[in-house]
Amino acid sequence: MNNYEHSVLLDSSKCTGCTTCLKHCPTEAIRIKDGHAVINDARCIDCGECIRKCPHKAKKAVCGKLENMERFKYKIALPAPTLYGQFDNLDDVDFVLDGLTKIGFDDVFEVSKAAELVSAYTRLYLKTDGVKKPVISSACPVIVRLIGLRFPSLSDNIIHMLPPMEVAARLAREKALREHPYLRPSDIGVCFISPCPAKVSYVKNGFAEYKSQVDEVVSISDIYFMLINKMSHDSEIKSLCESGIIGIGWASSGGESAAIFNENYLAADGIENVNRVLDQIENGNIPQLEFVELNACPGGCVGGVMAVENPFIAKARLLSLRHYLPVSQNFINDNYIPGTYLFNELPEYQPISRLSDSMAESMRMMADIQNLKDSLPGIDCGACGAPSCRAFAEDVVRGLTTVDDCLILRTPAPSGKEKDNDSK
């Protein structure tokens, strides 16, 4: 886990230590040290919440560049369905897909097409005996990492289905080799066009024993202006769209759930809401459900920090685009799930609540944390550089800081004479 490559990074030259990110990080991965934020790599889940909240733009998403694809002979674009919601008055997905070929891609394979296949196999998965309910979607890599770090008891609930991006990458490679037999596998480069920095981390690090078949992840914001210049309504365009309402619906919260044709589901978006839902599932304080769809970004993938458009506007555009689409263009005849759609193992993460490998030592540390917390002001002001008094107490017990960093405890109380003068 120490070698985990992150896609959310800090530009300390822009950071003022204002504590805004500190108070919004869902895993308490941020501390303020020496006047600026410091991100704990072991706790960071690349959700992008600090990017979204930072008033000084000191946090940024680091992803690949389109020019990196030049090393490949045959280049394939995988557009996330969120991409379609970035353009005003779009009534035909083919304008976007054709535009991608005009900026240098040899082929385009829609992630929304793969999403329709994943939806169909998810319906089969839910009918499988022995599956632990509620089944939690694995599509958002932030959620998978969050569960591993904060809610490890729910790991068995995660569906072992590869996300549509990975399915699309595999199918796109197979198609290229089938249609162009002169190509070698190493000639083919696959580029995912993403609204989300967590997908960059997913591709960099792989997924447990699974190595991503995507070569580069570029942001929607980097591609957007290039596409605008190529999406002409006056020229003839290629007919490339092979997906429908179900696949494109995955861009917004609730779209994946609606595609399972089962009303016994819950869909939540926004990292704070996700944390509350996972808390309730873990504690058993939630109705019986078949399926849970969780998206770290507000509104779903349309709310990703690497997108261009306001997520609510993008969602409205996608709803309008649905009027021009079939329900689905992808169906399955199987009564089983092919192994190529599944992963075997989840990544192993050290739960952030674990204080020590020794149970006795953990119990002692928990008692010390509680005793110290009880002596603290309890106002969670963040002046100590930790997000809460509880987090500060844990840092002290772990030996990461000292109790002297609590400014309120360090400030002497006014003397009796001063109190009398104040009252006058």
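Tutor: Let's start with a network of salt bridges that links Arg43, Arg390, Glu394 and Arg398. This is a predicted model, where local features need pLDDT of at least 70, side-chain atom pairs count only at pLDDT 80 or more, and totals for chains, interfaces and linings use all residues. Numbering runs from 1 along each chain as its sequence is written, and side-chain values use heavy atoms, leaving out hydrogens and water.

Student: What makes glutamate 394 and arginine 390 a salt bridge?

Tutor: The term asks for a side-chain nitrogen of Lys or Arg within 4 Å of a carboxyl oxygen of Asp or Glu. For glutamate 394 and arginine 390 the closest N and O atoms are 3.0 Å apart, so the pair meets that definition.

Student: Why are glutamate 394 and arginine 390 separated by about one helical turn?

Tutor: Because they lie 4 residues apart in helix H14 (residues 389–397); helices here are DSSP runs of H or I with at least four residues, and strands are E runs of at least two, numbered from the N terminus.

Student: Is glutamate 394 buried or exposed?

Tutor: Buried means under 20% relative accessible area, exposed over 50%, and partly exposed in between (1.4 Å probe, protein chains only). Glutamate 394 has 9%, so it is buried. Arginine 390, at 36%, is therefore partly exposed.

Student: Which parts of the chain does the salt bridge between glutamate 242 and lysine 113 link?

Tutor: Their side chains meet at 2.7 Å, N to O. Glutamate 242 sits in the loop between helix H8 (220–228) and helix H9 (245–248), while lysine 113 belongs to helix H4 (residues 111–126), 129 residues apart. Lysine 113 has 17% relative accessibility, so it counts as buried; glutamate 242, with 35%, is therefore partly exposed.

Student: Why is lysine 73 called exposed?

Tutor: Its relative accessibility is 55%, so it counts as exposed. Its salt-bridge partner is aspartate 187, which at 7% counts as buried.

Student: What makes strand S7 and strand S10 edge strands?

Tutor: The open sheet of 3 strands has the order S7-S11-S10. Strand S7 (135–136) and strand S10 (265–269) each pair on one side only.

Notes. Two strands pair if DSSP finds at least two bridges between them.
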